[in-house]
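Welcome! Please keep the sequence and the 3D view at hand as you read.

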Amino acid sequence: MAICPECDAEIEVDELDVDRGDQLTCPECGTDLEVTGLSPLELDVADEDDDDDDDDDYDQAEGDLDDELGDDDEDGDDKDDGWDE
């Protein structure tokens, strides 16, 4: 049995089926929780922006790749725009 840190509800958790870092959702308040301790079983509110950070990292990496490949044209093509070499 664990306690939700957000609403103090008792959450039934099988301590043998969870590991530190696992994500749960409180059935009472719907808060996303993370297992932070195993003996005794402890829960904390999970970070919400983990998924958003991954998306931002992907977008930044894609832009960096375009820069390395020389794709600095806004429409995405590398055709000659009239500049003499």
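## A charged patch in a loop

Let us begin with Asp 14, which sits in the loop between strand 2 (10-11) and strand 3 (23-25). Strands (E, at least two residues) and helices (H or I, at least four) are DSSP runs, numbered from the N terminus. The model is predicted, so local features need pLDDT of at least 70 and side-chain atom pairs count only at pLDDT 80 or more, while totals for chains, interfaces and linings use all residues. Residues are numbered from 1 along each chain as its sequence is written, and side-chain values use heavy atoms, with hydrogens and water left out.

Asp 14 is partly exposed, with a relative accessible area of 43%; this class lies between buried (under 20%) and exposed (over 50%), using a 1.4 Å probe and protein chains only. Together with Glu 12, Glu 15 and Asp 17, Asp 14 forms a patch of negative charge on the surface. Residues in such a patch have over 30% relative accessible area and no salt bridge, and like charges are joined within 9 Å. A salt bridge here is a side-chain nitrogen of Lys or Arg within 4 Å of a carboxyl oxygen of Asp or Glu. Asp and Glu count as negative, and the place of the charge is taken as CG of Asp or CD of Glu.

## The whole chain

The loop between strand 3 and strand 4 (32-38) holds Cys 29, which is partly exposed at a relative accessible area of 35%. Cys 29 and Cys 7 are 22 residues apart along the chain, yet their C-alpha atoms are separated by 6.6 Å. Beyond its neighbours within four places in sequence, Cys 29 is in contact (heavy atoms within 4.5 Å) with Cys 4, Glu 6 and Cys 7.

Thr 31 is found in the loop between strand 3 and strand 4. Is Thr 31 buried or exposed? Thr 31 is buried, with a relative accessible area of 16%. Among the residues that Thr 31 touches are Glu 6, Leu 24 and Val 45.

## Ala 46

Ala 46 lies between strand 5 (41-45) and helix 1 (50-69), in a loop, and is buried at 5% relative accessible area. The C-alpha atoms of Ala 46 and Thr 31 are separated by 8.2 Å.

Conventions: Patch = residues over 30% accessible without salt bridge, like charges linked within 9 Å, V, L, I, M, F, W, Y side chains within 5 Å. Areas by Shrake-Rupley, 256 points an atom, 1.4 Å probe, with all protein chains shown as cover.
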